[in-house]
Amino acid sequence: MQGRSDPNRRLLDAAALCRELVPDGSVYAFLADHRGELFPDALFEDLFVSGRGRPSVPGEVIASAMVLKELEGLSDRQAADALRCDIRWKVACGLALDHPGVHYTVFTYWRGRLLSSERPERIREAIGAVIDATGVLTGKRRRALDSTLLDDAVATQDTVTQLVSAVRRVRRVVPEAAAVTVAAHDYDASGKPVCAWDDPDAKAALVNGLVNDALSIIDAVRHVELDDQQADAVGLLALVAAQDVEPGDTEGTWRIAQRVAPDRVISTVDPDARHMHKSVSEYRDGYKAHIAVEPETGIITASALTPANAADGPTGVAMLTGEQPGLQVLADSAYGSGETRAALRQASHHQAIKAIPLRRAVPDGFDRDDFAIDHAARTATCPAGHTVTIAAKGAATFGARCRDCPLRERCTTAKRGRVLNISEHDAELVEARRAWHDGDHADDYKRWRPMVERSIAWLVARGRRRVRYRGIARNQQGLSVRVAAINLRRLINLGLTRDGPHWILANCVGLTRFAGQSDYAA
């Protein structure tokens, strides 16, 4: 059943005895004074349908503790210790000085409850309701977009480890799979298979055997009715058995492919994590956190978590869904694709986005903007004056015209001549390059975009560059609480307080008061 806080103070109430030790204007002090209004009991009623059983930890207590946990970048064990020993935490959460706190698994229990509910991000939504009530974003027509890579919580696995792990899992959860005869390895034994790892032939034979074992198991369970857990295990086995191998020289044999599969799974422990290069030499394995920020106030208006290899542009557009038309969107060139720009234009937003630089086929040679493109006539004219038709798929092939062209050395090194690819959104990109070159939005970009960089720094501070959980859903929930904590701290710095039924910002002049009625009432 749902637990509720006792409104009567106890003899050793931390707030009554030690409130003056907690600085005014801090998150701890704010939660001590307003956690009941911020996280009312009605916010969590649907999590506890039954009125029977042992009462839970009160929602306002655990929600406050989860916010502080994310704000300080603590693990579950560290947060439980802080709730037991830190006076600031006891004051913020309304506990007595001699209160033993909670077991660290209580945080896991509440995250699970929230994740399985219809509104897993309700803590962020509660802070969002306060943002709406203060009117702090009223009239603010800019949004800055950015993303950052987050390290995963598991080790990256090689092909052999993935195959062995996936086969073990299927044999464990699907009885029919355990009955299949396998020969490459004793999957009931721990550790890697016994192999002469320095011998290429031995490694090739092992990989071939593991793949054939996996295919035998998949074939054996093909017509077996599987539940969700079993289907996920078999699907993952099929994926890892195919992503890194290719047919060998003889039928029925397999070998490691000399390429990297698109969207490659890097670990069977966390199949959602992905590999991403930040540059030619620097890479990370894990996830990507995306945020949209109102740059004048520093409020994070939207956030999303994706695999590390997800493109920034589509996610950025999705984060602006629900916003009123007419925003000025500030972003770097990762959001500068034609598809992203077209989507923003269709949503009637204004773009202050850095243009994607052109690549020249020849150093200091001609690029796309040196060619004249007639989109209506579907023709392309090169700097030498040769005009060709643009094919249906966008290729403008100059071919033999380049053979004796005096400008060839500045245009192409290809034996068959220059091929210019014109995308569907070519005109959009040309205009974007012109606007960036002419500095149409340079002042706004320099003034307002740095706030999103600062917000990213807040997001990954205190060890939060590495995610704590496995899977997109759990880490998205963690990101939402982190964003809620950052927004709450920002609001408090802006003077957030309670004036009767209203949330107001005492440090912001000219903001309209709005009724602070909760949207979570039953």
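**Figure 1. Overall view of the protein chain in a predicted model.** Among contacts in the protein chain (heavy atoms within 4.5 Å) between residues at least 6 apart in sequence, 64% join residues at least 24 apart. The chain has 17 helices and 16 strands, which are DSSP runs numbered from the N terminus, with helices (H or I) of at least four residues and strands (E) of at least two. Its C-alpha trace spans about 95 × 70 × 40 Å along the principal axes, and buried residues make up 48% of the 522 residues, where buried means under 20% relative accessible area, exposed over 50% and partly exposed in between, with a 1.4 Å probe and protein chains only. Residues are numbered from 1 along each chain as its sequence is written, and side-chain values use heavy atoms, with hydrogens and water left out. Because this is a predicted model, local features need pLDDT of at least 70 and side-chain atom pairs count only at pLDDT 80 or more, while totals for chains, interfaces and linings use all residues.

**Figure 2. Helix H11 (residues 228-243) and the elements packed against its buried residues.** The 16 residues of H11, at 1.5 Å a residue, should span 22 Å, and the end C-alpha atoms are 22 Å apart, which agrees; the expected span is 1.5 Å times one less than the number of residues. At the N-terminal end, H11 is capped by Asp227, with a side-chain oxygen 3.2 Å from the backbone nitrogen of Gln229. Buried in H11 are Gln230, Ala233, Val234, Leu236, Leu237, Val240, Ala241 and Gln243, and the buried residues of this helix pack against helices H8 (159-173), H9 (175-178) and H10 (200-220) as well as strand S2 (245-247).

**Figure 3. Val170 in helix H8.** Val170 is buried, with a relative accessible area of 0%. Not counting residues up to four places away in sequence, Val170 touches Ala177, Ile217, Ala233, Val234 and Leu237; Ala233, Val234 and Leu237 are among the buried residues of H11. Leu74 is 96 residues from Val170 along the chain, and the C-alpha atoms of these two residues are separated by 35 Å.

**Figure 4. The crossing of helix H4 (residues 76-85) and helix H6 (residues 105-115).** The axes of these helices, lines fitted to C-alpha atoms over the stretch in contact, with angles from 0 to 180 degrees between N-to-C directions, come within 8 Å and cross at roughly 115°. H4 and H6 are therefore roughly perpendicular to each other, given that 65 to 115 degrees counts as roughly perpendicular, under 35 as roughly parallel, over 145 as roughly antiparallel and the rest as oblique. In the contact, Asp76, Ala79 and Ala80 of H4 meet Phe107, Thr108 and Arg111 of H6.

**Figure 5. Thr148 in strand S1 (residues 142-151).** Thr148 is buried, with a relative accessible area of 8%. Leaving aside neighbours within four places in sequence, Thr148 is in contact with Tyr287, Lys288, Ala289, Ile456, Val460 and Arg465. The side chains of Thr148 and Arg465 are joined by a polar contact of 2.3 Å, a term for a pair of N or O atoms within 3.5 Å, of which, within protein, one must be able to donate a hydrogen and the other to accept it, and for which residues adjacent in sequence count only if both atoms are side-chain atoms.
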